[in-house]
Amino acid sequence: MAERFPYGGQAVMEGVMMRGLHRASVAVRSPSGQIVIRDRELNLARRVFWSRLPLLRGIQLLGDALVIGMWALMFSASVTEDQAEQPLSKGQTALLVATSVGISIALFFVLPLLVASGIASWAKLGIYSRETIEGITRLLIFVGYLILVGRTAEIRRVFGYHGAEHKAVSAYEAGLPLTVEHVRPFTTIHPRCGTTLLLIVVVLSIPVFALLGTFPFWLRLLSRIILVPFVAALAYELMRLTASKATNPIVRGLMTPALALQRLTTREPDDAMLEVAIAALARVLAADGQTIETQPIAVDIRPALTS
């Protein structure tokens with residue numbers, strides 16, 4: 001059998017979005033208890049083209065993930081709030097993505113630089129001490145943010161759906177039927193998780209930005225803005241490599257901190273959450289022509305969109 005496509009997705013409000021080769025599908029549990037599904041047809045030719053270009057494929061994939069993720073979140077909000085869906089224009093989507101990326105860069109990259117530079121100037125520290133402080137500050141902000149958002153009841157449920165997503169994908173990768181009974185025993189941890197990617201980005205940024213430690217402050221500040229896509233692309237390539245060798249004891253040991261961090265972004269899902277994840281994954285598998293045993297789940301399928 002050929003190498004399997006790396007299926008995965010993200011958790012949304014009361015639901016799960018899954019991505020395949022031909023389709024992204026988001027399944028959401030409505031207030032009435034019904035599972036509502038919206039499909040988004042994907043441009044396979046474009047994905048295949050970019051997949052052949054190391055580094056650039058990571059930037060393209062992350063851009064796609066942001067756009068599709070925003071679409072999935074907006075759809076889940078309309079279902080859970082029992083309101084009519086308000087599709088976003090390309091301009092509105094671009095603005096929302098740019099705003100979210102800008103806030104993330106400011107919080108996780110610019111703020112640590114300002115904190116470290118201020119402390120180094122006050123304490124008259126050297127370049128290496130300043131860069132170390134910046135890296136530690138970035139890690140603390142990242143972990144602290146995950147802990148803080150995970151304290152709200154709504155986000156805890158999202159983290160439950162995140163765990164359901166991982167379990168469903170793991171069951172599929174193990175070749176088991178997609179039923180609640182077969183999916184339930186799997187762990188909520190998965191090596192290709194976005195949380196792992198984010199941690200790799202945070203850690204990898206430390207040596208990358210340290211190389212610019214002798215530059216003037218304004219250039220170092222600019223680098224924290226324009227080099228983030230490059231660092232993310234490197235992190236994506238590294239995660240691809242480690243995920244393909246996840247059974248290697250050395251690789252497993254190196255990835256232990258990243259896998260442990262997923263304990264902050266996943267929760268043990270209930271069976272209703274597993275049903276939603278199964279419904280989303282089954283839709284993308286069907287679009288890719290895969291026949292897999294799954295349990296029948298009643299769903300309300302909305303008209304598909306074209307990416």
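**Surface and salt bridges**

Modeller: Leu111, Val115, Ile119, Trp122 and Leu125 make a nonpolar surface patch of about 480 Å². A patch takes residues with over 30% relative accessible area and no salt bridge, joining like charges within 9 Å and nonpolar side chains (Val, Leu, Ile, Met, Phe, Trp, Tyr) within 5 Å. Areas come from the Shrake-Rupley method with a 1.4 Å probe, and for residues only the protein chains shown count as cover.

Colleague: What is the model's origin, and how are things counted?

Modeller: This is a predicted model; local features need pLDDT of at least 70, side-chain atom pairs count only at pLDDT 80 or more, and totals for chains, interfaces and linings use all residues. Residues are numbered from 1 along each chain as its sequence is written, and side-chain values use heavy atoms, leaving out hydrogens and water.

Colleague: Where is Ile119 placed?

Modeller: In helix H3, residues 90-123. Helices (H or I, at least four residues) and strands (E, at least two) are DSSP runs, numbered from the N terminus.

Colleague: Is Ile119 buried, partly exposed or exposed?

Modeller: Ile119 counts as partly exposed because its relative accessibility is 35%. Buried means under 20% relative accessible area, exposed over 50%, and partly exposed in between (1.4 Å probe, protein chains only).

Colleague: Now charges. How many salt bridges does the structure hold?

Modeller: 14. A salt bridge is a side-chain nitrogen of Lys or Arg within 4 Å of a carboxyl oxygen of Asp or Glu.

Colleague: What does Arg157 form a salt bridge with?

Modeller: Glu14, with the closest N and O atoms 2.6 Å apart. That pair links distant parts of the chain, 143 residues apart: Arg157 is in helix H5 (residues 153-173), and Glu14 is in the loop between strand E1 (8-12) and strand E2 (15-19).

Colleague: And Glu41, which side chain does it meet?

Modeller: Arg23, in a salt bridge at 3.4 Å, N to O. Glu41 sits in strand E4 (residues 35-41) and Arg23 in strand E3 (residues 23-29), 18 residues apart. Arg23 is buried because its relative accessible area is 15%. Glu41 is partly exposed at 26%.

Colleague: Last one: Glu237. Why is it called buried?

Modeller: Because the relative accessible area of Glu237 is 18%. Glu237 lies in helix H9, residues 228-244.

Colleague: Which residues is Glu237 in contact with, leaving aside neighbours within four places in sequence?

Modeller: Pro54, Leu55 and Arg57. Contact means heavy atoms within 4.5 Å.
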